[in-house]
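My notes follow in the order I looked things up.

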Amino acid sequence: MFYRGRRLRKNPAVRSLVRETRLHPSELVYPIFVQEGENIKEEISSLPGQFRYSPDRLEEIVEEMRACGVRACLLFGIPANKDACGSSAWEEYGVVQTAIRRLRSLDRELYIIADVCMCEYTSHGHCGVLGDHGEVLNDETLPHLAQIALSYARAGVDMVAPSDMMDGHIAALRAALDGEGFYDLPIMGYSAKYASSFYGPFRQAAGSAPSFGDRKAYQMDYANANEAMREMQADWDEGADILMVKPAMAYLDILRMAADRFDAPLAAYQVSGEYAMLKHAVAEGLMHPDVMNESLIAIKRAGANVIITYHALDYARAWKEYQG
Ligand code: PBG
């Protein structure tokens, strides 16, 4: 006798019965790029099928999200002006703050998360303020990040997600938010964020590539796994509500380690390069479009509870037939 695994693969009904992993649209977060200005809806050349919207044009995307059942978004801002300390990031009526208010007025139920970082707002493209030798200063950056988070909170955001990789950032944000009475506002830490080439298309989309050097002195070395556990533990101890691994597909081992280790909600970010790579392969006819579903299911299977992906709306639209 031998193991007849094929008995339970015979048809869609039995496969569905024994399927171990399912992914519901409500587990997805859709990243949205908002650009300062008016009447802008511009396709992002580095991210096929993704657009930059000015705050006044967000209605369309809100409708699309409502229609397909994706209920959470993650905002990234593209400001009109940049300076050395990224001050347009915390303006009361900056581009993200304006987008938050607009989204809230369009859909009271939409769950609005905003990315907290400085690289889209600094003239040098680094994620913090610089010292005399071009190094990113950790402790000097923290008050700026706190200021950004507070300005989002005042605009009515539901959750903040610091992606800067400064040490102590969760504690700094938590203290600032609590200090203004926003003790109920959750923080999703980009806890294990690697210095990755998979961010390439995002940096083109947001104009946030560093003008010199790289991010290796603050983002993690992709050779390290144990270090990711320390980063996640630190974020958790400082008061993060959700821990994240980023990127996702090349870091499924990190996701699995984290899922086994932490009793905490776990997010995974399928980043721009992962999305673009698959989209291009499908467009070239090299892979079947189902590769998108396969990649998301793999991320869920590895242990993610929340998946941030540019594919969210397309996945959700096809979900009923696919029954992932
Ligand atoms: C900002 C930030 C980046 C991404 C999310 N937040 C870029 C970076 O760190 O250079 C990348 C997301 C993606 O590639 O989709 N620090």
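This is a predicted model: local features need pLDDT of at least 70, side-chain atom pairs count only at pLDDT 80 or more; totals for chains, interfaces and linings use all residues.

Entry 1. Where does UniProt place the feature "binding site" in the unreviewed entry? I found it at C117, C119 and C127, going by that record. I then checked the three cysteines against the largest cavity, and C117, C119 and C127 are in its lining. For C119 I also looked up the local fold: this residue is in the loop between β5 (111-116) and α4 (138-155).

Entry 2. Next I turned to the "active site" annotation, again from the unreviewed UniProt entry, which covers K193 and K246. The pair is spread over 54 residues of sequence, yet the two cluster in space, with a largest C-alpha distance of 4.9 Å. Both K193 and K246 belong to the lining of the largest cavity. I traced K193 to strand β7 (residues 188-193).

Entry 3. What takes up the space of the largest cavity? I checked, and the ligand does. I listed 17 residues surrounding the ligand, and the closest are K193, R203, K246, S272 and Y310.

Entry 4. Which side chains put a polar atom 2.9 Å from a ligand oxygen? I noted R215, with a side-chain N or O atom at 2.9 Å from an oxygen atom of the ligand, and Q219, with a polar side-chain atom also at 2.9 Å. For K193, I read 2.7 Å between an N or O atom of the side chain and a ligand oxygen.

Entry 5. One more "binding site" position in the unreviewed UniProt entry is E231. I located E231 in helix α7 (residues 226-238). Which residues does E231 touch, leaving aside neighbours within four places in sequence? I got M165, D167, S191 and M220.

Entry 6. Last, I went over the backbone. Most peptide bonds are trans, and most residues other than glycine have a negative phi. I flagged the peptide bond from K246 to P247, which is cis with omega near -10°. N39 is in the loop between β1 (28-35) and β2 (41-43).

Definitions and conventions
Residues are numbered from 1 along each chain as its sequence is written. Side-chain values use heavy atoms; hydrogens and water are left out. UniProt positions are given in the numbering used here, feature names are shortened, and annotations may be inferred rather than shown by experiment. Helices (H or I, at least four residues) and strands (E, at least two) are DSSP runs, numbered from the N terminus. Contact means heavy atoms within 4.5 Å. A residue is near a molecule or strand if one of its heavy atoms lies within 4 Å of it. A polar contact is a pair of N or O atoms within 3.5 Å; within protein, one must be able to donate a hydrogen and the other to accept it, and residues adjacent in sequence count only if both atoms are side-chain atoms. On a 1 Å grid over the protein atoms alone, a cavity is a set of points where a 1.4 Å probe fits but cannot get out, and a pocket is an open set with protein on both sides within 12 Å along at least five of seven lines; lining residues have an atom within 4 Å of a point. A molecule sits in a cavity or pocket if more than half of its atoms lie within 2 Å of its grid points.
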